[in-house]
Amino acid sequence: MALPPTTRTFIGARHAVITPESHVKTAFPGWTGTRTIVTISPHVGAGFVQYIAEMAVGGHAAPPPVGVERFVFVLEGSVKFRAGHDVHELHEEGFAYAPSGTFTGMDAVTASRVFVLDRRAITAPHGSEPAFVVVSRLDEIEKLPFLEDPRARLQSLLPDLPGFDIAMNVFTFEPGACLPLVESHYMEHGVIFLQGGGIYRLEDRWYPVQREDQMWMGPFCPQWFAAVGNEPARYLYYKNGNRNPLLDLTIAPGDA
Ligand code: UGY
Ligand code: MN
């Protein structure tokens, strides 16, 4: 008799770990030649949607709903990313951010896997410059020691300006390096491991994690990480910020 399948996926009240063997593919309206794997959404309690788009050559991505900003990071392949009338070709570990109303499409040049994060944008504080389109490559971004530890280095992919209500960062930990504290903060994280792995503590559970694993850390989820293995551990993560937290819970205009 075949044994029942198992999974490392765990969905909790304030965090989730989503591993590849539990992925189920779906299709988004207006996206052609593409299958999407939604790993985090408001259904688990998150304030954003995180998914992998598996695009065949010529596959096309439609814009997000009105008022939604979008971040994309190419895991494999090459895509043409369109913001307004501008077209940018992104290759592996290339990324782009489009403030709400600016994403006009994305087309796969080769078969591609793209990490996508969509989130309802929160208006910039009065008088500050609004967020703008950002296009770059991970290897263009400086790695800075995190809290003075050169073995844990952080790359900030988006500018830390009041107009931006999200941060997208990549953390690189040398084997044995760890977060210097058990963090707990109102900001959420959506995470995907890009390389290596280690042990993640989320609330009172401890998880072995590795490349391709994804995680949701909800508000005030205690979190800590140590890299294990022979190569650096790298993960890409989302963090909301630069806004009064009360605004996260406000119903957007037009929703009521
Ligand atoms: O930016 C952060 O909050 C980051 N240090 N958290 C994390 O890696 N879990
Ligand atoms: Mn954190």
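Q: Why is Glu93 called partly exposed?
A: Glu93 has a relative accessible area of 22%. Buried means under 20%, exposed over 50%, and partly exposed in between, with a 1.4 Å probe and protein chains only. Glu93 is therefore partly exposed. The values come from a predicted model, in which local features need pLDDT of at least 70, side-chain atom pairs count only at pLDDT 80 or more, and totals for chains, interfaces and linings use all residues. Residues are numbered from 1 along each chain as its sequence is written, chains are lettered from A and ligands numbered from 1 in the order in which they are written, and side-chain values use heavy atoms, without hydrogens and water.

Q: Where does Glu93 lie, between which strands?
A: Glu93 belongs to the loop that links strand 7 (86–90) with strand 8 (94–98); strands are DSSP runs of E with at least two residues, numbered from the N terminus. Its phi is near 65 degrees, a positive value in a residue other than glycine.

Q: What makes Asn242 count as partly exposed?
A: The relative accessibility of Asn242 is 39%, so this residue counts as partly exposed. Asn242 is found in the segment after strand 20 (233–240), and its phi, near 60 degrees, is likewise positive in a residue other than glycine.

Q: Why is Glu203 called buried?
A: Glu203 has a relative accessible area of 18%, which is under 20%, and therefore counts as buried. Its place is the loop between strand 16 (197–202) and strand 17 (205–210).

Q: Which side chains does a polar contact of 2.8 Å join?
A: This contact joins Glu203 and His15, and another, of 3.2 Å, joins Glu203 and Arg14. A polar contact is a pair of N or O atoms within 3.5 Å; within protein, one must be able to donate a hydrogen and the other to accept it, and residues adjacent in sequence count only if both atoms are side-chain atoms.

Q: Which residues coordinate the manganese ion (ligand 2)?
A: Glu183 (OE), His185 (NE2), His189 (NE2) and Gln223 (OE1) coordinate the ion at 2.1 to 2.3 Å. Donors are N, O and S atoms within 2.8 Å of the metal (3.2 Å for Na, K and Ca); water is not among the atoms, so sites may look incomplete. Along the sequence, the donor residues follow the spacing E-x1-H-x3-H-x33-Q. Both Glu183 and His185 are buried.

Q: What makes the site of the manganese ion (ligand 2) octahedral?
A: The angles among its six donor atoms run from 77 to 174 degrees, and the site is octahedral. Six donors count as octahedral if opposite donors are over 155 degrees apart and all others between 65 and 115. Ideal angles for six octahedral donors are 90 or 180 degrees.

Q: Which polar side-chain atom lies 3.2 Å from an oxygen atom of ligand 1?
A: That atom belongs to His185. A polar side-chain atom of Lys239 is 2.9 Å from an oxygen atom of ligand 1, and a side-chain N or O atom of Tyr200 is 2.9 Å from a nitrogen atom of ligand 1. The protein covers 97% of the 270 Å² of accessible area that ligand 1 has on its own.

Q: Where does His189 stand in relation to strand 20?
A: His189 stands opposite Lys239 in strand 20. Strand 15 (residues 189–195) and strand 20 pair in the antiparallel sense over six bridges; two strands pair if DSSP finds at least two bridges between them.

Notes: Helix = DSSP H or I, 4+ residues; strand = E, 2+ residues; numbered from the N terminus. Tetrahedral: all angles 85-135°; square planar, octahedral: opposite > 155°, others 65-115°. Areas by Shrake-Rupley, 256 points an atom, 1.4 Å probe, with all protein chains shown as cover.
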